[in-house]
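Reader: Please show the sequence and the model. I will then ask about particular residues and elements.

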Amino acid sequence: MEIVAINQISPDQVILFQWGWIVINATLVYTWMVMGLLVVGSILITRGLSPERAMSRWQNLLEVILSNVRSEIGEIAKDGADNYFPFIGTLFLFILFSNILTFIPGYVAPTSALTTTSALAVMVFFAVPIFGITKLGVIEYLKEYFRPNVIFFPFHVMGEFSRTLALAVRLFGNLMSHEKVIAILLAVTPLFFPIVMQALGLLIGLIQAYIFAILAMVYIASASQSHEESEHKGKKHGQEAPEK
Amino acid sequence: MDSISIIAMASIITAGLCMAIGSIGPALGQGRAVHSALSSIAQQPDERNSLTRTLFVGLAMIESIAIYCFVISMILVFANPFWTYIVKKAGG
């Protein structure tokens with residue numbers, strides 16, 4: 001089942017329903033499907049939580065996922081994962097589910113549209129100063145932009161923008177390229193190789209979700225910790241924010 | 001040659017060249033990164049988790065260059081603005 005034709009570069013161009021200025025395209029539909037799946041699934045699982053060892057297998061699954069995400073965040077954040085856990089965990093789960101559901105026929109990953117990934121990247125772009133300011137205060141946060149020297153101010157600003165662009169384009173490029181490769185392989189060698197590529201796509205989807213969440217966490221951590229860390233170590237220049 | 005075939009030919013050749021040249025650098029870079037990460041893991045297996053995480057972040061950074069090239073060649077092939085313009089002009 002082909003939803004997105006091979007000459008269409010993103011599911012934004014597949015318009016399912018149009019009424020006046022309201023346009024419902026495939027990206028919106030699948031985004032809402034993933035969101036509904038996550039919300040309904042979480043509500044169903046967390047309805048009967050049990051603190052004992054005898055728990056439902058779904059609760060066990062959820063606990064495994066959440067504790068792993070939490071420990072990964074905790075290793076980067078140093079000051080406890082609980083501040084960042086809701087944001088990063090939501091990003092990770094949403095991207096993960098919208099990526100790996102591609103094995104369902106007729107499903108198009110909403111993350112293979114540049115609009116979705118740009119929205120996610122813009123969320124990270126605004127989350128970095130919000131977390132940084134709540135942690136350090138406005139003055140201390142703004143001082144980070146002039147950290148080694150005043151000359152570095154434009155480079156810091158440029159880095160903020162270019163890494164947001166890279167975050168969006170990376171996720172979009174990986175997912176979209178994978179879809180196109182499968183579509184081309186279906187035309188060339190129909191039966192076996194597309195299945196192998198689909199299986200590889202599960203791995204790609206998982207790794208991209210991991211990378212997106214980890215990069216968002218690294219950006220936030222570098223914005224909210226660099227000064228503190230440099231103060232503790234008695235150094236003048238703390239960790240630089242990773243550019244790009 | 002009319003302008004339609006010039007634009008088509010230039011886009012296709014440029015898309016191929018962009019992919020070919022643009023993937024050399026990231027491929028070499030990723031090879032170096034994985035090489036040193038593997039030898040570091042072999043030396044210090046205890047630090048495997050943090051090494052792997054740093055490796056993934058670094059690979060993502062390197063990979064984004066190849067992804068830029070890929071997106072540009074995809075735009076050239078599938079959503080070429082010059083092509084759309086010239087076809088619209090020839091049609092209307």
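Reader: Is A:L206 buried, partly exposed or exposed?
Author: This is a predicted model, where local features need pLDDT of at least 70, side-chain atom pairs count only at pLDDT 80 or more, and totals for chains, interfaces and linings use all residues. Residues are numbered from 1 along each chain as its sequence is written, while chains are lettered from A and ligands numbered from 1 in the order in which they are written. A residue is buried if 20 or more other C-beta atoms, placed from the backbone, lie within 10 Å of its own, exposed if 12 or fewer, and partly exposed in between. A:L206 has 14 C-beta neighbours inside 10 Å, so the residue counts as partly exposed.

Reader: Which residues is A:L206 in contact with, leaving aside its neighbours within four places in sequence?
Author: A:L206 is found in helix 7 of chain A; helices (H or I, at least four residues) and strands (E, at least two) are DSSP runs numbered from the N terminus. Two residues are in contact if their C-beta atoms, placed from the backbone, lie within 7 Å. With sequence neighbours up to four places away left aside, the contacts of A:L206 are A:L96 and A:I100.

Reader: Which residues does A:A216 contact, leaving aside its neighbours within four places in sequence?
Author: A:A216 is one of the residues with the most contacts inside the largest core. Leaving aside neighbours within four places in sequence, A:A216 is in contact with A:I88, A:L91 and A:V124.

Reader: Where does helix 2 of chain B bend?
Author: Helix 2 of chain B has 31 residues and reaches 42 Å from its first C-alpha to its last, close to the 45 Å expected. The bend at a residue is the angle between axes fitted to the seven residues ending there and the seven starting there. In this helix the angle is about 30°, and the residue is B:S64.

Reader: How many C-beta atoms lie within 10 Å of B:I75?
Author: The residue B:I75 belongs to helix 2 of chain B, whose buried residues include B:S73 and B:L76. B:I75 and B:S11 are 64 residues apart in sequence and 9.4 Å apart in space, C-alpha to C-alpha. B:I75 is partly exposed because the number of other C-beta atoms within 10 Å is 14.

Reader: How many nonpolar residues are on the side of chain B that touches chain A?
Author: The contact takes 14 residues from chain B and 14 residues from chain A. Ala, Val, Leu, Ile, Met, Phe, Trp, Tyr, Cys and Pro count as nonpolar, Asp, Glu, Lys and Arg as charged, and the others, Gly among them, as polar. On the chain B side there are one polar and two charged residues, and the nonpolar count is 11.

Reader: Which residue in strand 2 of chain A is the bridge partner of A:F17?
Author: Strand 1 (residues 15–19) and strand 2 (residues 22–25) of chain A pair in the antiparallel sense over four bridges; two strands pair if DSSP finds at least two bridges between them. They form a hairpin with two residues between them, and A:G20 in the turn has a positive phi of about 65°. A:Q18 stands opposite A:V23, and the partner of A:F17 is A:I24.

Reader: Which residues does A:H178 touch, not counting those up to four places away in sequence?
Author: A:H178 lies in helix 6 of chain A. The residue has 21 other C-beta atoms within 10 Å, so A:H178 is buried. Not counting residues up to four places away in sequence, A:H178 touches A:G201 and A:I204.

Conventions
A nonpolar core is a set of buried Ala, Val, Leu, Ile, Met, Phe, Trp, Tyr and Cys residues joined through C-beta atoms within 7 Å. The expected span of a helix is 1.5 Å times one less than its number of residues.
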